[in-house]
Amino acid sequence: MSTLPARAGRRCHHAVNPFHSAVYFSRELREEMAALGVTDPDAAYFASRAAAFGAVGPGTVTATFFNFRHDLVARHLPAVWEVATPAQVLDARLRAADRTLRRLLGEEAVAAPDVAEAAELALRAAEGCARPGRPLYAAHADLPVPAEPHLAYWHAATLLREHRGDAHIAALLDAELDPLEALISHTATGFGMAPKWVLGTRGWTQQEWDEASARLVARGILDQEGSLTEQGTALRAELEERTDRLDAAPYEHLGAEGTLRLTELAKDLFGRIIAAGAFPDGMLGRG
């Protein structure tokens, strides 16, 4: 029986996660990866997020990232490891995180006590995560915790993000949603990636989008206009609730008071990086 208020872990995750993911949209990551010789944005993303696995091939990344077309992944892996080693990529990603956060928050804010407190709470929550069945989390859990508080918080955000992500994939598989169907149904909620971002970054074609949408209509998940039906809305709600259950351990470990405090601190940091332009305009929504 959970000791947390309903959806407390989910709210905390939604506040913490952007602190990690902002790095993937930053110019600093592009610059650090380009300095290694990795200039393609897709290659830079796949390498920087997968480097904790070592020099893996496309199958591992397609399986664990879940929503990318395999052909897109295979275009860059394993070839990217001939340009830069996983260790070099991990170092570059950490340098990029440092530079990105200093730019978005400012030097004074990076050293502020609230960042150190957020790091301590997020790392304590991550102590409740479990490796079995969670490959992306497990790979990152083997990495050292950075010493500086803003990077320690970024590392903890990475662990919590990937722990929930691994759980969410399990829920999607159980719901018999393939990668593109999962993306389309999430977009239909109004909170997922806009279609142009899905098609532009995940490797899927418009024809594949239309075919997947037709499958969702046939299942009663979408209506003919591409909106969620009552059944589809219930399915997406159940997916999040199932993910909450599978991802409850870190927040149960942190406790209700700690989870509430981490959420409060994370929301403030999230607001600051959003105001500083951490993410592209028009990335989310149905448009």
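In the predicted model, Arg161 is in contact with His13, Asn17, His20, Ser21, Tyr24, Tyr45 and Arg49, when its neighbours within four places in sequence are left aside. Arg161 belongs to helix 10, which spans residues 149-174, and with a relative accessible area of 15% this arginine is buried, because the value falls under 20%.

The largest nonpolar core comprises 67 residues, and those with the most contacts inside it are Phe46, Tyr153 and Leu262. Apart from this core lies another, made up of 22 residues, among them Phe66, Leu177, Ala182 and Ile184. Beyond its neighbours within four places in sequence, Phe46 is in contact with Val61, Phe65, Phe68, Leu72, Val73, His76 and Leu77.

Leu77, one of the contacts of Phe46, is joined to Pro78 by a cis peptide bond, with omega near 5°. Pro78 itself is found in the loop between helix 5 (70-76) and helix 6 (86-105).

Most residues other than glycine have a negative phi, and most peptide bonds are trans. Phe66, located in the loop between helix 4 (58-65) and helix 5, has a positive phi of about 75° although it is not a glycine, and at 10% relative accessibility Phe66 counts as buried. Glu176, in the loop between helix 10 and helix 11 (179-188), likewise has a positive phi, near 60°, but at 61% relative accessibility Glu176 counts as exposed, because this value is over 50%.

Notes. Residues are numbered from 1 along each chain as its sequence is written. This is a predicted model: local features need pLDDT of at least 70, side-chain atom pairs count only at pLDDT 80 or more; totals for chains, interfaces and linings use all residues. Side-chain values use heavy atoms; hydrogens and water are left out. Helices (H or I, at least four residues) and strands (E, at least two) are DSSP runs, numbered from the N terminus. Buried means under 20% relative accessible area, exposed over 50%, partly exposed in between (1.4 Å probe, protein chains only). Contact means heavy atoms within 4.5 Å. A nonpolar core is a set of buried Ala, Val, Leu, Ile, Met, Phe, Trp, Tyr and Cys residues joined through side-chain atoms within 4.5 Å.
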